[in-house]
Amino acid sequence: MSSVAEPAAAPVPATEQDVLAVRDLVKHFPITRGLLRRTVGHVRAVDGVSFSVGQGETVGLVGESGSGKSTVARLVLRLLDPTSGSIRFEGRELTGMGARELRPLRRRMQIVFQDPVSSFDPRMTVFSVISEPLEAQGGTDGRANRRRAGELLELVGLSGSDLDKYPHQFSGGQAQRIGIARALATDPRLLVCDEAVSALDVSVQAQVLNLLRSLQRELGLSYLFIAHDLNVVRYVSDRICVMYLGEIVEQGPADELLSDPRHPYTRTLADAVATADPTVARLRGRRVVRGEIPSPSAPPPGCRFHTRCPSAFDPCRTTPPQPVAAGPGRIAACHLLTGEAAARG
Ligand code: SF4
C-alpha cells in the first residue's frame, strides 16, 4: 500500500484518442408507491462514474451483481437516459441527443449480450439475425446483405453456408459467435460486451475471448468489457475499472491493478482469482469478501464498502473517500490512501 496520495481532482483525463469518455455519470431510478406512483426513494444504480476507452483498447468493468455495471452499459449505448453526467463518443456528447441524431452514431457502437439466443427472435434465420441491423441502417439490397452476412459468419469462425439455419441449432459458443457477427454488421468502432461469455463453459469462454481479441487486432475495435468474473476480465483487458455499489472504487492498467491492488475491495477480488476456491483462500490467509452487497436503494453512508471491508476504521463509516492518484494511470477511492490514514496514526 502506498503512503499518502494526492487527490485526483480530474480523474482519468480524456484524450483525443478516446473513443468513449464518460464523466460523472449518474443514474438514479425512482422507487414509486401507491396509485399515484409517489416517489418514495431512489435506486442509486450508478453514482458518479468516470472512465474512458481509447482507440483499440479494452477496458474491463468488473463488479458483483448489483454493482451497476450493466446499467453503465445501457447508459453508454443510450438505451437508458442518464440522470446527469457526460457521455462523449468519438468526441460527440450523447446526452441530450434525440433519436434522429443518435441513429447514425448507434451503428458505431454495438452490444454483445450474455445470452444471444434469447435476444434473437426464434423465427429468424441466422441471415435475418445478422442482416437486421444492416436493414435498419438502410441496407435494402438483399443480395449485398446476404453476401455481407456470409462474410461476417466466416469472420467469426462459422460457415457462410449456415445462413439459413436457426440460432437454436447452434451450441452456446456458436450462438455467441452469431451475436458477435450481428454486432459487427454495421462496422462499429466500440463493442460493449455485457457478460458476453458468462453463460459459456470455461473452454468455450477461452475460444470466444480469443476470437474477440483477434477481431480487435484485425478491425481496430475498442471494447468496454463488462463481467463479474475478474479472471475473464483480466484475460482481455488493457485497463480495469472495479465497480462497487454504483461507484468505481479503483481503476488502472490491468497488470498493475491485479498484481498490486490499492483498494481493499480490489484486493479481495484479486485474492479470489489467485485462489479460486474460497475455502482454500481462507485457509491460506487470503482475503475473501464477506456478506452480501448492500441494496443500491440504501447505500451505506461514508465509504459504501465499509460494511464489508476488513480494513474499515472510523472515518470510513461517515466520510465518503475521494478518488486519489494511486500510481501511474491509477486511481482509487479509499481513506487508506489519503491523509485520513495518516491522521489515524
Ligand atoms: Fe475500507 Fe475504509 Fe478504504 Fe472504504 S475507505 S475501502 S471502508 S478502508
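Visitor: Where is Leu-245 found?

Guide: Leu-245 is found in the loop between β9 (239-244) and β10. Strands here are DSSP runs of E of at least two residues, and helices are runs of H or I of at least four, numbered from the N terminus. The model is predicted, so that local features need pLDDT of at least 70 and side-chain atom pairs count only at pLDDT 80 or more, while totals for chains, interfaces and linings use all residues. Residues are numbered from 1 along each chain as its sequence is written, and side-chain values use heavy atoms, with hydrogens and water left out.

Visitor: Why is Leu-245 called buried?

Guide: Buried means under 20% relative accessible area, exposed means over 50%, and partly exposed lies in between, with a 1.4 Å probe and protein chains only. Leu-245 has a relative accessible area of 1%, and is therefore buried.

Visitor: What is said of phi in Leu-245, and what of phi in Asp-24?

Guide: Leu-245 has a phi near 50°, a positive value in a residue other than glycine. Asp-24 is not a glycine either, and its phi is positive at about 50°. Asp-24 is found in strand β1.

Visitor: What makes β1 and β4 a pair?

Guide: Two strands pair if DSSP finds at least two bridges between them. Strand β1 (residues 18-33) and strand β4 (residues 84-89) have 5 bridges, in the antiparallel sense. Val-22 has Ile-87 as its bridge partner in β4. These strands belong to an open sheet of 4 strands in the order β2-β1-β4-β5, with antiparallel pairing. Its edge strands are β2 (38-54) and β5 (92-93), each of which pairs on one side only.

Visitor: In what order do the strands of the 8-strand sheet lie, and what is the pairing?

Guide: The order is β6-β7-β8-β3-β9-β10-β12-β11; the sheet is open and the pairing is mixed. The edge strands, β6 (109-112) and β11 (324-325), each pair on one side only. Parallel pairing joins β6 to strand β7 (residues 190-194) over 4 bridges, and Gln-110 stands opposite Leu-191 in β7. Likewise, β7 and β8 run parallel and are joined by 5 bridges, with Phe-225 in β8 as the bridge partner of Cys-193. Strand β3 (residues 58-62) also pairs with β8 in the parallel sense, over 5 bridges; there Val-59 stands opposite Leu-224.

Visitor: What makes strand β8 mostly covered?

Guide: In β8 (residues 222-227), 6 of its 6 residues are buried. In a regular strand the side chains alternate between the two faces of the sheet. Ser-222, Leu-224 and Ile-226 are buried on one side, and Tyr-223, Phe-225 and Ala-227 are buried on the other.

Visitor: How do you know that the ligand sits in the largest cavity, and what is a cavity?

Guide: On a 1 Å grid over the protein atoms alone, a cavity is a set of points where a 1.4 Å probe fits but cannot get out; a pocket is an open set with protein on both sides within 12 Å along at least five of seven lines, and lining residues have an atom within 4 Å of a point. A molecule sits in a cavity or pocket if more than half of its atoms lie within 2 Å of its grid points. The ligand sits in the largest cavity by that rule.

Visitor: How many cavities of 30 Å³ or more does the search find, and what volume has the largest cavity?

Guide: The search of the whole structure finds 1 such cavity. The largest cavity has a volume of about 80 Å³, where a volume is the space filled by probe spheres set on the points, and grid points are joined across faces, edges and corners. Its lining has 13 residues, with Cys-303, Cys-309, Ala-312, Cys-316 and Cys-334 nearest its centre.

Visitor: Which residues are closest to the ligand?

Guide: Among the 13 residues that surround the ligand, the closest are Cys-303, Cys-309, Cys-316, Cys-334 and His-335. A residue is near a molecule if one of its heavy atoms lies within 4 Å of it.

Visitor: How does the shell around the ligand divide by class?

Guide: Ala, Val, Leu, Ile, Met, Phe, Trp, Tyr, Cys and Pro count as nonpolar, Asp, Glu, Lys and Arg as charged, and the others, Gly among them, as polar. The shell holds 9 nonpolar, 4 polar and no charged residues.

Visitor: What lines the largest pocket?

Guide: The largest pocket, with about 570 Å³ of space, is lined by 29 residues, of which Asp-47, Gly-48, Glu-247, Pro-321 and Pro-323 are closest to its centre. By class, the lining has 17 nonpolar, 6 polar and 6 charged residues.
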